[in-house]
Amino acid sequence: MAGVARMAAGLAVAVAAGYLFSRLGTPIPWMLGPLTTVALLRVLGLPIDAPPGARQFGQWVIGTSLGLYFTPQVVRDVAGAWPLLVAGALFALAGGYGGGLVLARLAGIDRTTAVFASVPGGASEMAVLGERYGARVDRVAAAQSLRIMIVVIVVPFAYALLGAHGDDRYVPGVTSVDRTGLALLLDATFAGGAVAQWLRVPNAFILGALAVAIPLTAADVHLSAVPAPLSNAGQCFLGCMLGSRFQPDFVRGAPRFIAAVGATVLAAIGMAGLFGMLLAWASGASFYTLALGLAPGGIAEMCVTAKALQLGVPLVTAFHVTRVVVLLLLTGPLFGWMRGRWRAHLAGERR
């Protein structure tokens with residue numbers, strides 16, 4: 001019963017914070033409000049938590065909503081942007097490893113932990129992968145959670161200050177809500193998420209929902225739009241879950257490590273902006289869309305930001321999906337090769 005009370009309190013706080021932030025007019029209020037408020041209260045020691053399945057519910061709803069943007073024309077446009085997607089994925093890989101080496105020096109921790117704490121491939125996925133190579137799982141999970149929180153706070157507010165609100169030509173294939181169609185759509189995308197989770201796909205419910213919603217939309221099968229209250233609920237649950245990752249001893253436990261993570265994440269955001277400028281100059285694409293696609297945040301968080309600001313939702317989604325796939329496929333093998341080089345270099349110095 002105590003656990004149920006903590007989860008009920010956490011959800012109540014998240015809903016109240018989302019509503020308050022929406023009234024204040026902040027960027028992505030239904031995610032930012034719950035995330036920051038729940039995290040702050042958790043750090044202060046209040047007994048609140050996220051309800052079970054909050055992450056899956058939020059990713060499922062957001063993935064379903066994003067998939068409705070991929071009309072036949074959009075699919076052709078995104079497919080034609082594959083050089084940008086590859087460049088973005090390789091940039092994320094290089095930035096994660098470079099940031100890891102800087103973090104190791106700033107925080108005074110081992111390189112293994114620092115690298116897996118810095119690669120933007122998902123908190124749980126990087127923690128599991130890092131554990132195989134001997135990384136400190138608690139530090140990896142803490143750094144990944146802090147990375148997402150910093151990006152979710154900094155990037156939307158930076159865009160708001162810059163007035164980066166687009167007039168996106170990409171709109172969902174369907175804008176009206178049909179109850180029967182919505183039920184069918186949600187059933188299908190939930191099944192896609194469940195299968196992806198059974199297959200142990202990372203970010204299963206957002207990728208599984210996308211894997212179902214995108215082909216349907218691309219085939220001009222338009223069942224229903226996702227109503228705004230349901231989309232807000234998905235963001236609220238996801239924000240509540242992200243905030244619940246923070247523990248009362250989060251800041252006190254390793255202040256130097258926390259400060260170093262914050263510095264490297266802010267540097268990564270800045271580097272993403274600079275690389276976005278380069279890609280925009282080379283391709284003629286929107287800088288704001290490219291910078292959002294390159295930002296070291298999570299798929300759901302950055303795509304929700306793109307949707308709120310009307311900045312190339314399909315392209316931003318494609319950037320982050322491509323990044324996750326490439327990072328999960330290459331991070332482990334690349335780290336094994338780099339660790340071999342480090343050990344060979346160290347052995348040479350000892351001689």
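Modeller: Let's start with threonine 64. Not counting residues up to four places away in sequence, threonine 64 touches Leu185, Leu186, Thr189, Ala209, Ala213 and Val226. Keep in mind that this is a predicted model.
Biologist: Thanks! Which helix does threonine 64 lie in?
Modeller: Threonine 64 is part of helix 3, which covers residues 54–67.
Biologist: And is threonine 64 buried or exposed?
Modeller: Buried: the relative accessibility of threonine 64 is 0%.
Biologist: New topic. How many disulfides are there in the whole structure?
Modeller: Zero, according to a search of the whole structure.
Biologist: What about cysteine 303?
Modeller: Cysteine 303 is in no disulfide either, as its nearest cysteine sulfur, again in cysteine 236, is 19 Å away.
Biologist: Are cysteine 240 and cysteine 303 buried or exposed?
Modeller: Cysteine 240 is buried, with 0% relative accessible area, and cysteine 303 is buried at 0% too.
Biologist: How many residues of helix 15 are buried?
Modeller: Nine of the eleven residues in helix 15 (residues 299–309) are buried, so the helix is largely enclosed by the rest of the structure. Among the buried ones are Ile299, Glu301, Cys303, Thr305 and Leu309.
Biologist: What follows helix 15?
Modeller: Glutamine 310, which has a positive phi, near 55°.

How values were computed. Residues numbered from 1 in each chain as written. Predicted model: local features only at pLDDT ≥ 70, side-chain atom pairs only at ≥ 80, totals over all residues. Heavy atoms only, no water. Disulfide = S-S within 2.5 Å. Buried < 20%, exposed > 50% of the residue type's maximum accessible area, 1.4 Å probe, protein only. Helix = DSSP H or I, 4+ residues; strand = E, 2+ residues; numbered from the N terminus. Contact = heavy atoms within 4.5 Å.
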